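These are my notes from one sitting with the structure below. I went from single residues to strands, sheets, domains and the ligand.

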Amino acid sequence: MVEKLAEECKGWLYVNPESDPHFMPEKIKSKGSKVEVCPFKPSKDLSPEVVEKLVTLVDEMPRPLMIQCTSANRAAVALLLWMAKERGYTQGPAELLVKDLSLDTVRPEALEWLTSRLPEVRTGRIITAKSPEVRQLFDEETSTLTYLVTCPETSEAVLIDPVLEQKDRDLQVLKELNLKLKYVINTHCHADHITSGGLIRKDMPEVKTIISEASGAKADMHIKHGDTISFGKLQLEVRATPGHTDGCVTFILKTKTASFAFTGDTLLIRGCGRTDFQQGNPRLLYQNVYEQIFTLPGETFICPGHDYKGRGVSSVEEERRFNPRLTKSVDEFAELMDNLGLAYPKKIDVAVPGNMMCGVQDDP
Ligand SMILES: N[C@@H](CCC(=O)N[C@@H](CSS)C(=O)NCC(=O)O)C(=O)O
C-alpha cells in the first residue's frame with residue numbers, strides 16, 4: 001500500500017515522530033519520493049517556528065504531496081495552516097476559511113485550535129509565502145484593504161489605497177521593516193474614506209502620490225491605461241477599469257513566483273464595486289472586469305480594495321467561476337446593480353472632496 005502510494009507521490013511529509021512504526025521512509029524513498037519529517041503535537045505547545053516550518057514544507061515540497069500521520073488529524077492541521085497562509089486568512093476569520101474550503105465537518109475544537117494558530121495581522125498578512133513582496137493591511141472601520149508592496153532587492157516600497165486613520169500604523173510597519181516608501185498610490189477617488197497619501201507626502205516630501213488622470217483628482221503623478229509604475233526592480237502595470245468610478249484602475253504585479261491584481265473597488269471577492277454614484281456605470285464595469293481582469297491567468301491573486309466579510313484574497317479563476325454578480329449576463333448584471341439599494345457611504349460628503357485633493361495636497 002505504502003509503495004503504491006509512494007509511486008504516485010513526488011513528495012511525502014510525515015508529521016508524527018519518526019520512531020512511529022507506521023512510518024516507512026526507506027520504502028517511500030525507494031520509489032523516488034522526497035521525504036521530510038516535521039513532527040508536532042496538535043496541542044497548545046505548537047510553536048510559531050514549527051507552524052512556519054510546516055507551512056514552508058507544504059509550500060515547497062514537490063507535488064503530488066502526501067502528508068501522513070496516524071489518524072489524519074495532524075495532516076489536516078498541516079494542510080489547513082498552509083491553506084490559511086496561502087489565502088491570507090488570519091486570526092479573526094478562521095470560520096471563513098473553513099466555509100470557503102467547504103470543510104463543513106471540521107469539529108469545533110479543531111476550529112478553535114486553528115484560530116489560535118493563524119498568523120497575526122499587526123504587520124499585515126503576507127498573501128502568499130511564495131511571494132512575500134505583498135502585504136495586506138486592514139482598516140476595521142471601513143473594511144478597507146491596503147497593500148504594502150516591497151521590492152526585496154532594494155527595499156523600495158509602495159502603499160496602495162492607504163487610509164488616513166491608519167497612517168501611523170502603516171508608517172510604523174515601514175519603519176520596522178526598514179523600507180523606503182516611494183509612492184502612495186490610489187486605485188480611484190474613494191467615497192468611504194480619505195487617503196493618507198497627501199499627509200504622508202507632506203511629512204515625507206520624497207514620497208510621491210499617484211492617481212489616474214481620469215479621476216480628475218490632485219496628485220504628484222497621474223497615470224493612465226498602459227503606463228507602468230516602477231519601484232526597485234518591480235513594476236505595476238496600469239489597466240483602466242472604470243465602472244465603479246470613471247477613474248478606477250487595476251494594477252498588475254508579476255513577481256518571480258506569483259501574480260497579483262490590485263483591483264480597488266472594481267472587483268471584490270464574490271462581489272464588485274457599486275455603480276450608483278461617481279459616474280458609476282454597470283455595463284462598463286462588467287466589460288472591464290471581463291476584458292482587463294478575467295483575461296489574466298486563473299492563478300492571479302485578486303487583491304480587492306475592501307472586504308466586508310473578513311476575507312483577504314481570491315483568484316481570477318475563483319471569481320470567474322463563483323462571483324455571483326459577474327457570472328450573470330451583462331443585462332442581468334446591470335439590472336442587479338441598478339437595484340442594489342445600498343445606503344450611501346457614511347463619509348461620502350467629506351471623503352470625495354477630500355480625495356479630490358489627495359487627502360491634503362497643496363501642490364502641484
Ligand atoms: N457602509 C460603508 C459603505 C459600503 C459601500 O458602499 N461600499 C462600496 C465601496 S466603498 S465606496 C461598494 O462598492 N460596495 C459594494 C457592495 O456590494 O457592498 C460606509 O458607510 O462607508
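Is Arg270 buried, partly exposed or exposed? I counted 18 other C-beta atoms within 10 Å. The cut-off for buried is 20 or more and that for exposed is 12 or fewer, so Arg270 is partly exposed. I note here that the model is predicted.

**Entry 1: backbone angles**

I found Arg270 in the loop between strand S15 (267-268) and strand S16 (271-272).

I then turned to Gln279, where phi is also a positive value near 60° in a residue other than glycine. Gln279 lies in the loop between S16 and helix H9 (282-293). With 15 other C-beta atoms within 10 Å, I put Gln279 down as partly exposed.

Which two residues does a cis peptide bond join? I found this bond between Arg63 and Pro64, with omega at about -10°. Pro64 sits in the loop between helix H3 (48-60) and S3.

**Entry 2: the sheet with S3**

I followed S3 into its sheet. I read an open sheet of 3 strands in the order S2-S1-S3, and the pairing is parallel. Strand S2 (34-37) and strand S3 (65-68) are the edge strands; each has a single partner strand, so one side of each has no neighbour in the sheet. Neighbouring strands here are turned by 15° against each other on average, with direction ignored.

I checked the pairing of S3 with strand S1 (residues 11-14) and found 4 bridges, the two strands running parallel. For Gly11, I noted Leu65 as the bridge partner in S3.

**Entry 3: the sheet with S10**

I next traced an open sheet of 7 strands, ordered S4-S5-S6-S7-S8-S9-S10, and its pairing is mixed. At its edges I found strand S4 (125-128) and strand S10 (221-223), each of which pairs on one side only. From one strand to the next the twist averages 30°.

How many bridges join strand S9 to S10? I counted 3 between S9 (residues 208-212) and S10, and the two run parallel. Ile210 has Met221 as its bridge partner in S10.

I took strand S14 (residues 259-264) by itself. Of its 6 residues, 5 are buried, so S14 is largely enclosed by the rest of the structure.

I recorded two partners. Strand S13 (residues 249-254) is joined to S14 by 4 bridges, and these strands run antiparallel. Lys254 has Ser259 as its bridge partner in S14. S13 and S14 make a hairpin, with 4 residues between them.

The other partner I recorded is strand S17 (residues 301-304), which runs parallel to S14 and is joined to it by 4 bridges. Here I found Phe260 opposite Phe301 of S17.

**Entry 4: helix H12**

Which residues of helix H12 are buried? In H12 (residues 348-356) I listed Ala351, Gly354 and Asn355. These residues cover an arc of only 90° around the axis, which puts them on the same side of H12. Asp349 and Pro353 are exposed, on the other side of H12.

I also looked at what comes after the helix. Cys358 follows H12, and its phi is positive, near 60°.

**Entry 5: domains**

I noted two domains in the protein chain: domain 1 (2-117) and domain 2 (125-356). Their centres, taken over C-alpha atoms, are separated by 33 Å.

**Entry 6: the ligand**

Which residues surround the ligand? I listed Thr142, Ala191, Asp192, Asp265, Gly271, Gly273, Arg274, His306, Leu342, Pro345 and Lys346. Sorted by class, this shell has 3 nonpolar, 4 polar and 4 charged residues.

Notes
Residues are numbered from 1 along each chain as its sequence is written. This is a predicted model: local features need pLDDT of at least 70, side-chain atom pairs count only at pLDDT 80 or more; totals for chains, interfaces and linings use all residues. A residue is near a molecule or strand if its C-beta atom, placed from the backbone, lies within 6 Å of it. Ala, Val, Leu, Ile, Met, Phe, Trp, Tyr, Cys and Pro count as nonpolar, Asp, Glu, Lys and Arg as charged, and the others, Gly among them, as polar. Domain bounds come from an automatic or database domain assignment. Two strands pair if DSSP finds at least two bridges between them. Axes are lines fitted to C-alpha atoms, for helices over the stretch in contact, and angles run from 0 to 180 degrees between N-to-C directions. The arc is that of the directions from the helix axis to the C-beta atoms.
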